[in-house]
Amino acid sequence: MSEPESNDKPLNLTIYVWRQKDAKDAGGLVKYDLKGVSQHASFLEMLDILNEQLVGKGEEPVAFDHDCREGICGMCSLMINGRPHGGFPATTTCQVHMRHFKDGETIYIEPWRAGAFPVVRDLVVDRAAFDKITQAGGYITANCGSAQDANAILVPKDDADRAMSAAACIGCGACVAACPNSSAMLYTAAKLAHMHNLPQGQPERMKRTLAMVDAMDAAGFGNCTNHYECEAACPKEITREVIAMMNRDYAKAALSYREPTAKSDGAG
Amino acid sequence: MANESDFRLDARIPTGPIAEKWSKAKFEMKLVNPANKRKYKVIVVGSGLAGGAAAATLAELGYDVACFCFQDSPRRAHSIAAQGGINAAKNYQNDGDSVFRLFYDTVKGGDFRAREANVHRLAEVSVNIIDQATAMGVPFAREYGGTLANRSFGGAQVSRTFYARGQTGQQLLLGVYAGLSRQIAAGKVKMFNRTEMLDLVVVDGRAQGIVVRDLVTGKIESHAAHAVLLATGGYGNVFFLSTNAMGSNVTATYRAYKRGAGFGNPCYTQIHPTCIPVSGDYQSKLTLMSESLRNDGRVWAPKDKADVAKASSDPASIPDDKRDYYLERKYPAFGNLCPRDIASRAAKEACDDGRGVGPGGRGVYLDFRDAIKRDGEAKIREKYGNLFDMYERITGENPYQKPMRIYPAVHYAMGGLWVDYHLQSNIPGLFVLGEANFSDHGANRLGASALMQGLADGYFVIPFTLGNYLAGVPAASLASTGAAAFTDAEAAVKGRINRLMSVNGKRSVESFHKELGHIMWEDCGMARSKESLEHALKAIPELRERFWKDVTVLGGKDTFNQSLEKAGRVADFLEFGELLCRDALEREESAGGHFRVEHQTPDGEAKRDDEKFCHTAVWEYQGDDKAPVRHVEPLVFENVKLATRSYK
Ligand SMILES: Cc1cc2nc3c(=O)[nH]c(=O)nc-3n(C[C@H](O)[C@H](O)[C@H](O)COP(=O)(O)OP(=O)(O)OC[C@H]3O[C@@H](n4cnc5c(N)ncnc54)[C@H](O)[C@@H]3O)c2cc1C
Ligand code: FES
């Protein structure tokens, strides 16, 4: 993160925002001038200020997704000057603050661009494809009430830490937006690495890997050709190692894993 | 306290010794035949810990579930933001914890304003939650030997909080979301994302459905079910600035209130002591710095007013004997880990005394200097790294070098829809879970107990109590969405939207929300008085009137329209805020987070009035132009002795 500017002078900015009525509309960039934005405001607060101005003029405000505004829900998105979340290390859009911009700067704001994430309106996209990948196998089958005492499963601290680092994914989609192929490898692999670093994830490991990778392909995400823009864009600093783990498992599973034949084992 | 209507408050607390109530209740509950469960349709509004866990678990049992959330995915429910941890009476640390101690701490922490039987059940099932979450793959922090790690939280002298770095809520919710996803894939849960509930439908005295708006297409639609579960979270955003997510709202519960559900203790709101202070009028929300930080951080303000300027610019230059570690001074037994309501008031007191640091004098320090000296920066980074990073991103200051500057902020709603022991509201078939109900936390919630309650309600309570209810409802009785009650409710929802869109005034929705928040914070915040509340009760209706004359909502109603979404929520806040203040005015005592300046001990602590107020206040709606009626559920303490709360 660059050094914050030491003075508190409010900023005057020129911003270009992607406006698009709905999925069918072609959309385009619209220019706005914004004056007197505090350096302590967050990026989304800057958009709030813009929206207040637009409403004041009787123009429709800009639609953008956001909820927690603390970098954890994964709801906010935005390509800021061509980079997901603005390209600040380990920072989501809602955590970007205006002190990182200069007075007089021009800022371009666009939605995630990916075939699997159609635009809903303006800067809002539909990320349902991510849910589909999780539904294909991103869980451990354990009905409520069937669990043993938690300390009966010992998890080496290093494994728990690795699992946690992968599980930190907030499902924002920056990885997809950053990838020239719009691949969802980092998202899918992070989920798998979370579970496969834990003993609880082992029983369904092969089946899960195949199912989630297939779901990822079916949802229309592209292939990985090793650019690793995803890793650089991830606000939670998930590393490419998870992809290596997934690829190893996938190769193994594709070669050796077969669904057992269905046969009733119900006794009378 | 009139009681002529057919408004009934039967808490249905099982008889018998406290430790046996839940087992007994479970045994006595009626069951639904496994083969019949699929014939019962259940609506769950909310996909947070409470709603998500309920939806998944009910589907596992075989019910036909429909689940709703306003975000674009169930995984983004506000539970995701919880940082510090979740309590459970596992006693893994062998430090004297037990189910009874967790029960006791929670009743005491809530300033003796919760229902004993519920709290005991909560403590009982807390241990199962950790087991279940672990089985689902929640990556809780571990010791080197592979066992689970714990930390301490406020209001307890044992270490019973389980955590996943500073992202405990996220990890628990992802566990819930995983289970929910499995049921969605299996076709047992139908998930409705970006869909907002705008009304409750009551037919023949039973909750039988809801009216929703599809936030993408604007379509208004009804859904019918044999039972409706609300797990829609808390209403802290009535204060505009809070630690809640931007979309958190009161709409679902408030609409249910207007359909006859009693609202319990709306004035009980929690103000969290350690949040990043307000920095300007563009501010849209406040960010919490987890209570877990008080394990190692020490809270202080300068002793002398004369040192404020120096302390603000260069805190390190203030020597120890010029610092007032006021929590350690005032509450030696619990020190920095005293409960939130107490820590918040103490911070306000220091700032009101002119000893606050930073802009506007609204801040105190949370200092890690001594912990870093003792344990090294690496250890502190491992425990709290993401919180420190978050602080730095927002403030531009490095908390490893300079203490965090913090101030209290609205955080949690202890109040909510009234429920009985079965989590059922006074409307049969309407159940309320998680932060949305009036809860087990009395007048103040202890840290790390909301996640526990949400999961207890969703995983371990509702699967039994809902079955008991449905066993008495014929499967064939599913209402038709063509029935008058549904079409009337739809018409009311549409009418309201039309009304919002046709005011065509000059002011933004946002500006009204801000103004309401200002009234609420000033008149009904950390300190409340008869005078301030009477002021609010005049100012809020006036503001509401101006809203309906001068608000502007642009865009269409049949499209994705965030202004319209927000307008509906703010319109409800404008009514609910009044109810909250009314409840605060009527409760002529101080208890937990509800501090009436007229009722305090000589040293400024909350002073309860057990004679007059040892009860839950439950408000019954009477119509827009009539004052609501206040009912009471008396609280009986048989296991914990009513005493003045002391953390000294
Ligand atoms: C910053 C922060 C940190 C916290 N840290 C902790 C902690 O460390 N430990 C702890 O125990 N507690 C903590 N809490 C409190 C705790 O997170 C919440 O009380 C709890 O998660 C609430 O869960 P819930 O399931 O009741 O509701 P939520 O998680 O808020 O879920 C509400 C759900 O309802 C849906 N919804 C709401 N209204 C509607 C509507 N009208 N129509 C359709 N859907 C609707 C939403 O989409 C969402 O799915 C914290 C809270 C905050 C704000
Ligand atoms: S708004 Fe939640 S991560 Fe940005």
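I take helices to be DSSP runs of H or I with at least four residues and strands to be runs of E with at least two, numbered from the N terminus. The model I am looking at is predicted.

**Entry: two loop residues of chain A**

I looked up A:Asn226 and found it in the loop between helix 6 and helix 7 (229-233) of chain A. A:Asn226 has a positive phi of about 60°, although it is not a glycine. I noted this because most residues other than glycine have a negative phi. Is A:Asn226 buried or exposed? Its relative accessibility is 51%, so A:Asn226 counts as exposed, the cut-off being over 50%.

I then turned to A:Ala90, in the loop between strand 4 (83-84) and strand 5 (106-110) of chain A. A:Ala90 is not a glycine either, and its phi is positive at about 50°.

**Entry: helix 6 of chain A**

I checked the length of helix 6, residues 205-218 of chain A. At 1.5 Å a residue its 14 residues should span 20 Å, and the end C-alpha atoms are 20 Å apart, so the two values agree. I listed buried residues of this helix, among them A:Arg205, A:Met206, A:Leu210, A:Val213 and A:Met216. What do the buried residues of helix 6 pack against? I found helix 2 (128-135), helix 5 (185-196) and helix 8 (241-256), which belong to chain A. Just after helix 6, A:Gly220 takes a positive phi of about 95°.

**Entry: where chain A meets chain B**

I looked up the contacts between the chains: 75 residues of chain A are in contact with 76 residues of chain B. The two chains bury about 6,100 Å² between them, with 53% of it on carbon and sulfur atoms. In chain A, the residues that lose the most area to chain B are A:Glu70, A:Lys157 and A:Met164, together 11% of what that side buries.

How many salt bridges cross the interface of chain A and chain B? I found 5. In a salt bridge I looked up by name, the side chains of A:Glu70 and B:Lys285 meet at 2.8 Å, N to O. I also noted 45 residue pairs in polar contact across the interface of chain A and chain B. Several elements of chain A each supply at least two residues to the side that touches chain B, including helix 1 (43-56), helix 2 and helix 5. Helix 3 of chain A gives the most to that side, with 7 residues.

**Entry: the two domains of chain B**

I read the division of chain B as domain 1 (38-267 + 412-477) and domain 2 (272-411). Their C-alpha centres lie 31 Å apart. I found 25 residues of domain 1 in contact with 27 residues of domain 2. The two domains bury about 2,300 Å² between them, 53% of it on carbon and sulfur atoms. B:Gln83, B:Leu241 and B:Thr243 of domain 1 lose the most area to domain 2, together 28% of what that side buries. Between the domains I counted 0 salt bridges and 12 residue pairs in polar contact.

**Entry: B:Ser425**

Where does B:Ser425 sit? I placed B:Ser425 in the loop between strand 16 (416-417) and strand 17 (430-432) of chain B.

Notes. Residues numbered from 1 in each chain as written. Chains lettered and ligands numbered in written order. Predicted model: local features only at pLDDT ≥ 70, side-chain atom pairs only at ≥ 80, totals over all residues. Heavy atoms only, no water. Expected span 1.5 Å × (residues − 1). Buried < 20%, exposed > 50% of the residue type's maximum accessible area, 1.4 Å probe, protein only. Contact = heavy atoms within 4.5 Å. Domains from an automatic or database assignment. Buried area = accessible area lost by both parts, 1.4 Å probe. Salt bridge = Lys/Arg side-chain N within 4 Å of Asp/Glu carboxyl O. Polar contact = N/O pair within 3.5 Å; in protein donor to acceptor, adjacent residues only side chain to side chain.
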